[in-house]
Amino acid sequence: MMLFLWAASLTCPVLNLATARGALGEVQLSVSHNTCRFSSSDAELTIEMGTLAAPSQFAHFAETACQGGHDIAPLKAIGNEALACTVQTVETIVGRVRNQTFIIRLTAPNTKSLRTKTTAFAEQVAGNLF
Amino acid sequence: MSTNSRNVVTLHRRRLLRSLSRTALVLPFADVLAIAQQIQLPGPIERSYDAKPMQPPKGPKSPIEGTPLGVSFVDVVKESGLAVKTIYGGEGKNKYLLETTGCGLAFYDYDDDGWLDIFLVNGWRLEGFPAGQEPRCHLFKNNRDGTFTDVTKGSGLEHRTGWGQACCVGDYNNDGHDDLFVTYYGQNVLYRNNGDGTFTDVTEKAGLLQPGPKTRWNTGCTFVDYDKDGHLDLFVANYVDFDLKTAPPPEAGPCTYKGLLVACGPPGLPGGKNILYHNNGDGTFTDVSQKAGIWNTTGTYGLSVAASDLDNDGWPDIYVANDSSVATLYQNQKDGTFKDIAIESGAALSPEGKPQAGMGVSIGDYNRDGNLDVVKTNFAGDTDSLYTNLGDAAFEDRTYPSGIGVNTRLLGWGVGFFDMDNDGWLDILMSNGHVYPEVDKSKADLKYAEHKYLYRNLQNGRFEEVTEKGGPGIMENAPARGCAFGDYDNDGRLDIAVNCVNAVPQLLHCDSTLNRKWIKIKLVGVKSNRTGIGTRVIVTAKTKADAPKSLVQMDELRSGGSYFSQNDLRMHFGLQDATKVEMVEIRWLSGQVDRLKDLEVNRLYVIQEGGKILKVEKLTA
């Protein structure tokens with residue numbers, strides 16, 4: 001499985017650095033366990049991955065990830081299913097491809113385009129997981 | 001401080017709160033996964049708060065401070081005939097969170113005879129009950145002599161059993177008889193008041209059946225005419241998405257408190273979804289939660305609810321006290337939708353920007369500046385919260401500056417702004433009781449049954465704690481939950497009823513040596529909802545002979561509030577030494593404004609929308 005090779009990898013298997021930099025500017029990548037973290041002085045993008053015991057658990061998973069959030073909206077054509085929300089000021093997308101699940105979280109100063117950017121990242125992540 | 005500099009301070013504070021809260025609710029991925037898979041909780045969970053009790057900063061001393069209170073609250077429950085034990089969860093030990101929340105109650109004149117009756121919500125136990133021994137809610141009729149008679153049997157209220165939570169009152173069908181709504185872990189019940197002392201369960205007919213298979217944990221409720229169409233809508237908070245079949249026992253976390261195994265949650269459990277029902281005007285309701293934006297905020301462990309126009313725009317907003325989470329303030333967008341502005345409004349978190357375990361909530365203009373403020377009870381180890389409204393629903397946390405930050409030990413539930421001494425300024429009472437019965441076995445200085453907190457308004461933006469001066473009813477330890485405020489003996493002084501867990505309720509009669517004046521206003525809507533809920537009443541009177549100007553008091557009529565409870569629907573205003581009321585201004589939700597001049601003190605006025613005085617009553621004082 002791709003996920004278990006992350007610790008030894010210098011690249012993020014679901015989103016490449018150039019794509020992240022194209023959207024967020026000069027970010028640095030760090031990879032640990034199941035997490036890719038792209039960060040700069042004023043922005044941080046994290047992509048965390050995991051496996052559900054069953055796809056049916058996704059609804060609960062997504063609801064928990066968006067707990068306390070607002071502007072909750074289901075996303076079409078991203079993985080098998082995906083949900084966007086804003087938790088405090090953290091733009092969040094939670095998605096599923098088969099039983100693999102991911103949470104994308106983005107904090108950045110320009111709040112207006114955060115949803116658009118996270119959606120673009122989610123498309124990349126889901127595409128790589130298929 | 002100038003308005004500009006105050007605004008700058010408020011802005012900085014909001015930014016700080018936002019930044020602090022950013023990480024507070026973003027759950028780690030592993031936690032999200034564990035919760036979703038419901039295999040086990042993410043690990044040991046110890047529920048604790050560690051706020052420091054502090055005296056307010058030094059300031060000018062109020063001439064009232066330290067003077068005799070003049071009132072004493074005495075528990076007269078035994079003499080009153082109300083001494084029937086409320087059943088809720090296991091005694092001494094609770095396996096699940098469901099066993100901890102307890103019940104509310106209502107001061108409710110169901111037969112419209114001018115005397116407050118009492119409705120006590122009742123609960124359930126995990127093991128159930130033999131047929132014929134199930135606990136049921138109780139309706140007690142006021143005998144007008146300080147005693148009550150249980151009239152539940154034959155009233156139509158006796159059929160339903162279960163995990164009762166809250167109750168709220170309002171005339172949903174505008175027939176002149178205030179109706180009763182009771183929430184449950186499980187199906188809620190709407191009782192139509194038939195006007196002859198009986199009720200009919202109209203839940204199904206009204207479209208309020210909750211579709212399965214999930215059992216909803218409905219909590220606080222309020223009738224609120226959010227779209228100002230003259231028909232009372234209904235808001236119901238939801239606590240936890242809870243299923244006894246999958247709920248974790250204390251050992252699962254393990255879930256502990258001060259080293260004791262206790263019921264798990266709500267942290268680690270999925271939160272519920274609040275519900276807004278629109279009144280269709282034909283006796284039925286439609287669930288509009290999603291389209292009204294209520295579900296843009298979910299999973300926040302909603303408990304108590306209070307609806308009021310917090311931003312002074314003429315439209316009712318809804319505040320929800322959430323357990324272990326940021327509070328919710330649904331701002332009415334005037335188009336049938338709401339937006340949660342709690343964080344940016346400054347009424348969501350502790351002064352340090354931390355989520356608190358909100359339990360009960362009350363709304364009132366304690367500093368008489370024309371803006372409605374919010375007081376909220378919280379968990380043991382934390383302060384309760386006082387959010388002062390600066391106008392337009394921009395709040396400043398004045399917990400510590402006001403003086404209510406002196407206490408952090410007890411765990412608060414019911415709460416009310418109420419004028420205990422009729423001086424025209426709102427005081428505060430909080431009913432306390434620990435959430436975990438296991439603490440009685442703890443070596444720590446903790447008890448399941450706790451005394452009340454009583455704070456006197458010093459008329460300068462501060463409160464003085466007068467718990468020990470408040471009489472034996474305040475100091476008596478009780479496992480309290482909901483409390484309601486009302487004048488059950490019509491003596492012009494506000495009394496307090498408290499529902500307790502696995503104990504008899506308390507009826508705290510206000511004994512007073514003060515001979516202060518008051519006025520009560522009962523509203524009768526015509527174009528607005530018949531009960532008058534949401535109506536703003538402004539009373540102007542010269543409460544002290546030597547005062548340079550008259551005191552202007554403002555309040556709104558509310559359904560529900562405190563913790564799961566309903567207060568007297570007759571609005572009460574203390575007038576101290578006033579000889580008359582110069583003006584009563586009534587702003588109905590319809591837009592109608594009525595002004596009545598030169599009203600007598602110590603009277604109940606029943607006022608119909610349009611300004612007609614239907615009745616003036618001296619009561620018995």
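Analyst: With a 1.4 Å probe and protein chains only, a residue is called buried under 20% relative accessible area, exposed over 50%, and partly exposed in between. The model is predicted, so local features need pLDDT of at least 70 and side-chain atom pairs pLDDT 80 or more, while totals for chains, interfaces and linings use all residues. Residues are numbered from 1 along each chain as written, chains are lettered from A and ligands numbered from 1 in written order, and side-chain values use heavy atoms without hydrogens or water.

Ser559(B) belongs to the loop that runs from strand 33 (551-556) to strand 34 (571-576) of chain B; strands (E, at least two residues) and helices (H or I, at least four) are DSSP runs numbered from the N terminus. With a relative accessible area of 1%, Ser559(B) counts as buried. Its C-alpha atom is 5.1 Å from that of Thr222(B), although 337 residues separate the two along the chain.

Neighbours within four places in sequence aside, Ser559(B) touches Cys168(B), Val169(B), Cys221(B), Thr222(B), Phe223(B), Ile533(B) and Gln566(B). The side chain of Ser559(B) also comes to 3.0 Å from the backbone nitrogen of Phe223(B).

The contact residues Cys221(B), Thr222(B) and Phe223(B) fall within strand 10 (218-224) of chain B, an edge strand of its sheet. That sheet is open, has four strands in the order 10-11-14-15 of chain B, and is paired antiparallel. Its other edge is strand 15 (285-287) of chain B; each edge strand pairs on one side only. Strands pair when DSSP finds at least two bridges between them, and strand 10 of chain B is joined to strand 11 (residues 233-238) of chain B by five, in antiparallel fashion. Within this pair, Val236(B) in strand 11 faces Cys221(B).

Cys168(B) and Val169(B), also in contact with Ser559(B), lie in strand 7 (residues 163-170) of chain B, where eight of the eight residues are buried. Six bridges link strand 7 of chain B to strand 8 of chain B, again antiparallel; Trp163(B) is placed opposite Tyr185(B) of strand 8.

In the largest one, of 87 residues, the members touching the most others are Phe119(B), Leu180(B), Phe242(B) and Ile521(B). Strand 8 of chain B contributes eight residues to this core, the most of any element. Phe242(B), residues up to four places away not counted, touches Tyr185(B) and Trp217(B), among others.

Arg409(B) sits in the loop between helix 5 (399-402) and strand 24 (412-418) of chain B. Because its relative accessibility is 43%, Arg409(B) counts as partly exposed, whereas Ser559(B) is buried. The contacts of Arg409(B) beyond four places in sequence are Ala380(B), Gly381(B), Asp445(B) and Tyr453(B). A polar atom of its side chain lies 3.4 Å from the backbone oxygen of Asp445(B). Tyr49(B) is 360 residues away from Arg409(B) along the chain, and their C-alpha atoms are separated by 10.0 Å.

Among contacts in chain B between residues at least 6 apart in sequence, 63% join residues at least 24 apart. Strand 28 (residues 480-486) of chain B is another mostly covered element, with seven of seven residues buried. This strand 28 pairs antiparallel over five bridges with strand 29 (residues 495-500) of chain B, where Asp495(B) is the bridge partner of Gly486(B).

Technical notes. A nonpolar core is a set of buried Ala, Val, Leu, Ile, Met, Phe, Trp, Tyr and Cys residues joined through side-chain atoms within 4.5 Å. Contact means heavy atoms within 4.5 Å. A polar contact is a pair of N or O atoms within 3.5 Å; within protein, one must be able to donate a hydrogen and the other to accept it, and residues adjacent in sequence count only if both atoms are side-chain atoms.
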